[in-house]
Amino acid sequence: MSNRYPFELKPLPYEYNALEPHIDEATMKLHHDKHLKAYVDKLNEIVGPYPEFHNWYLETFLCNIHSLPNNLQTPIRNNAGGVYNHNLFFSLLSSKDTNSIPIGNLAEKIEKDFGSYENFKEKFKEAALSRFGSGYAWLVIDRNKNLKIITTANQNTPLELNLYPVLVIDVWEHAYYLKYNNRRNEYIDNFFSVLNFKKAEELYNRFFA
Ligand code: MN
């Protein structure tokens with residue numbers, strides 16, 4: 001799977017209906033096959049005419065947005081961000097055979113930094129609800145190697161802020177509107193049931209490796 005130009009649509013790591021009933025099949029199909037694909041296609045269209053960037057990884061673009069030519073900064077932020085954020089979000093959702101509660105080092109750190117997993121969930125939900133309009137809520141590792149909850153607008157990523165992501169929820173309406181209508185609240189509650197903490201633990205440990 002190419003993480004450089006030409007970028008490819010990464011398949012979901014599970015079936016479209018794997019997250020039922022919490023996240024429905026129709027939403028997953030639309031979200032992956034239409035929304036994510038549009039970001040991949042658009043990104044290729046933008047990067048195509050610039051051979052000097054054909055060996056750049058997705059992350060290279062997002063960590064170095066400010067060194068790109070001015071006219072590329074916003075389209076790259078939106079579309080490379082759209083690809084990166086969705087790939088990460090989908091990979092952090094689980095089918096039935098993965099952990100939906102924190103494990104290992106990440107579990108320990110969540111307890112240390114937030115008091116308990118329950119308290120973390122409350123704070124994370126508050127953040128996800130507070131994101132006005134379209135965007136994401138994140139659990140990230142900051143410069144001091146502590147966990148922090150942040151939100152980003154649109155398709156902005158934590159990479160640009162020098163923060164390393166461990167968990168993410170997409171709170172664009174397209175992520176939940178078909179099933180939950182305007183009930184973002186309920187969508188967030190059910191999101192916790194399909195979180196893949198095995199993957200989150202991998203991301204967390206990779207940062208410290
Ligand atoms: Mn989305």
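Let's start where two helices meet: Met28, His31, His32, Leu36, Tyr39, Val40, Lys42, Leu43, Ile46 and Val47 of α1 are in contact with Leu72, Pro75, Ile76, Asn78, Asn79, Ala80, Gly82, Val83, His86, Asn87, Phe89 and Phe90 of α3 (contact means heavy atoms within 4.5 Å; helices, H or I of at least four residues, and strands, E of at least two, are DSSP runs numbered from the N terminus). By class, this contact has 14 nonpolar, seven polar and one charged residues (Ala, Val, Leu, Ile, Met, Phe, Trp, Tyr, Cys and Pro count as nonpolar, Asp, Glu, Lys and Arg as charged, the others, Gly among them, as polar).

Please keep in mind that the model is predicted, with local features needing pLDDT of at least 70 and side-chain atom pairs 80 or more, while totals for chains, interfaces and linings use all residues. Residues are numbered from 1 along each chain as its sequence is written, and side-chain values use heavy atoms, leaving out hydrogens and water.

Now to the manganese ion: its protein donors are His31 (NE2), His86 (NE2), Asp170 (OD) and His174 (NE2), 2.0 to 2.1 Å away (donors are N, O and S atoms within 2.8 Å of the metal, or 3.2 Å for Na, K and Ca; water is not among the atoms, so sites may look incomplete). His31 in α1 (residues 25-47) and Asp170 in strand β3 (residues 164-170) are 139 residues apart, linking distant parts of the chain.

Finally, Leu68 sits in the loop between α2 (58-63) and α3. Leu68 touches Phe53, Trp56, Phe61, Gln73 and Ile76, leaving aside residues up to four places away in sequence. Its relative accessible area is 4%, so Leu68 counts as buried.

Conventions:
Buried means under 20% relative accessible area, exposed over 50%, partly exposed in between (1.4 Å probe, protein chains only).
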